[in-house]
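Please look through the sequence and the structure shown here before reading on.

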Amino acid sequence: MRKRYLIILLILLSCTSLFIGVTGLTPFDLFHLDEDQLRILLISRIPRLLSIIIAGAGMSICGLIMQQLSRNKFVSPTTAGTLDSARFGILISLMLFSTATPMEKMLVAFVFALLGTFIFMKILDKIKFKDAIFIPLVGLMFGNIISSITTFFAYKNDLIQNMSSWLQGNFALMIQGRYEILYISIPVLIIAYFYANRFTIAGMGEDFSTNLGLNHKQVVNVGLVIVSLVTTVVVLTVGMIPFLGLIIPNIVTIYQGDDLKKSLSHTALLGAVFVLACDILGRIIIFPYEIAIGVTVGVIGSGIFLYLVMRRKAYE
């Protein structure tokens, strides 16, 4: 039933998103579009809508997978250094390959994101104090170290403004020809769906999953590759969207439980709905200007995150 409501809400918000913008376009105009309106719809509005849905669903699922594999509800690409590692990889590609294609930048950033995520998981294995709040704090410190290194090299190579403006989450630049790389996320997320049951078992611990005949390390590696690849694609095209992979899986878990296969579709839908709602809000608050999606999701997401932390403490 909740899934049906999410689908209806996604359709309504999608239709609303198509008709918000400086250029006037109403549902009635669809029956007699002029050349300019058709061009805006095909080049700007539809690509923007598709990128919002893919990015929202992809980052939310990444957070769900990381929380399952790390057995911690406050671990996500934001709090595990994955986003910061991908950002560092993009900077390296700009420094070493100034004429690199988006695909080459993606490959370099993917390698760095995967390496950063693996390092965090190794740190996680070494930590004996497995407190729910302590683990993401370690991840935030790890991410800040990578971010500091990135800032240092960006300053040294006069790329700080380029990095700051480019990697600020923003859907305003999503036009035809600039968002298609996001389609790489779709087959990767389909693979995540088929691996959902294995991720659920792997989240019960290495000893337990091994006793059930599961290759724990292989499943964890597949999960980390999926998370790193989707995160890299989103960061490279849209920019950094904070808290998304952290709050959406937690909200879904509250009413859906911990079975990853059952909650995967709910997480994808709620993530897309949340990002779409934040994008619409950012476009109408100071219309005809707009607030970047990284700001709106960051502000609203931080409030939800604090609520989840306080809720957990009250429950304990």
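## Aromatic rings

Tyr 193 is partly exposed, with a relative accessible area of 39%, whereas Phe 194 has a relative accessible area of 59% and is exposed. These values, like the others in this report, come from a predicted model. The structure holds six aromatic pairs. In one of them, the ring centres of Tyr 193 and Phe 194 are 6.0 Å apart and the ring planes stand at 75 degrees, so the pair is edge-to-face, because planes over 60 degrees apart are counted in that class.

Elsewhere, ring pairs join Phe 88, Phe 112, Phe 152 and Phe 153 into a cluster.

## Helix α4 and its two partners

Two packed helices are described by the angle between their axes and the distance between the axes. Helix α4 covers residues 102–126 and helix α5 covers residues 134–156, and the axes of the two come within 11 Å and cross at roughly 140 degrees. The helices α4 and α5 are therefore oblique to each other, because an angle has to be over 145 degrees to count as roughly antiparallel. The crossing in which α4 passes α5 is right-handed. On the α4 side the meeting residues are Gly 116, Ile 119, Phe 120, Ile 123 and Leu 124, and on the α5 side they are Ile 135, Val 138, Gly 139 and Phe 142.

Helix α3, which spans residues 82–96, packs with α4 at an angle of about 140 degrees, and the axes of these two helices are 7 Å apart. From α3, the residues that make this contact include Ser 85, Ala 86, Phe 88 and Gly 89, while those from α4 include Val 108, Phe 112, Ala 113 and Gly 116. As α3 passes α4, the crossing is right-handed.

## Helix α3 against helix α10

Helix α3 also packs with α10, at an angle of about 60 degrees and with the axes 9 Å apart. The contact is built from Thr 82, Leu 83, Ala 86 and Ile 90 on α3, together with Val 227, Ser 228, Thr 231, Thr 232, Val 235 and Leu 236 on α10. The two helices α3 and α10 are therefore oblique to each other, and their crossing is right-handed.

## Two buried residues in helices

Is Ser 85 buried or exposed? Ser 85, which has its place in helix α3, counts as buried at 2% relative accessibility, because buried means under 20%. When neighbours within four places in sequence are left aside, Ser 85 is in contact with Phe 112, Ala 113, Gly 116 and Ile 146. Ser 85 and Ile 145 are 60 residues apart in sequence, and their C-alpha atoms are 10.0 Å apart in space.

Arg 45 is found in helix α2, which runs over residues 35–70, and with a relative accessible area of 7% Arg 45 is buried. Its contacts, again leaving aside neighbours within four places in sequence, include Ser 17, Leu 18, Phe 19, Ile 40 and Arg 283.

## Residues in loops

Which residues does Asn 170 contact, leaving aside its neighbours within four places in sequence? They are Val 238, Glu 290, Ala 292 and Ile 293. Asn 170 itself is found in the loop between α6 (160–166) and α7 (185–194), and at 23% relative accessibility Asn 170 counts as partly exposed. Asn 170 and Glu 290 are 120 residues apart along the chain, yet their C-alpha atoms are separated by 9.6 Å.

Leu 30 lies in the loop between α1 (2–18) and α2, and counts as partly exposed at 42% relative accessibility. Leaving aside neighbours within four places in sequence, Leu 30 is in contact with Phe 19 and Leu 41. The C-alpha atoms of Leu 30 and Leu 189, which are 159 residues apart along the chain, are separated by 32 Å. Phe 243 belongs to the loop between α10 (216–237) and α11 (244–256), and the phi of Phe 243 is near 70 degrees, which is a positive value in a residue other than glycine.

How values were computed
Residues numbered from 1 in each chain as written. Predicted model: local features only at pLDDT ≥ 70, side-chain atom pairs only at ≥ 80, totals over all residues. Heavy atoms only, no water. Phe/Tyr/Trp six-rings, centres within 6.5 Å; stacked < 30°, edge-to-face > 60°. Buried < 20%, exposed > 50% of the residue type's maximum accessible area, 1.4 Å probe, protein only. Axes fitted to C-alpha atoms, helices over the stretch in contact; angles between N-to-C directions. Helix = DSSP H or I, 4+ residues; strand = E, 2+ residues; numbered from the N terminus. Parallel < 35°, antiparallel > 145°, perpendicular 65-115°, else oblique. Left-handed = near helix turned anticlockwise from the far one by under 90°. Contact = heavy atoms within 4.5 Å.
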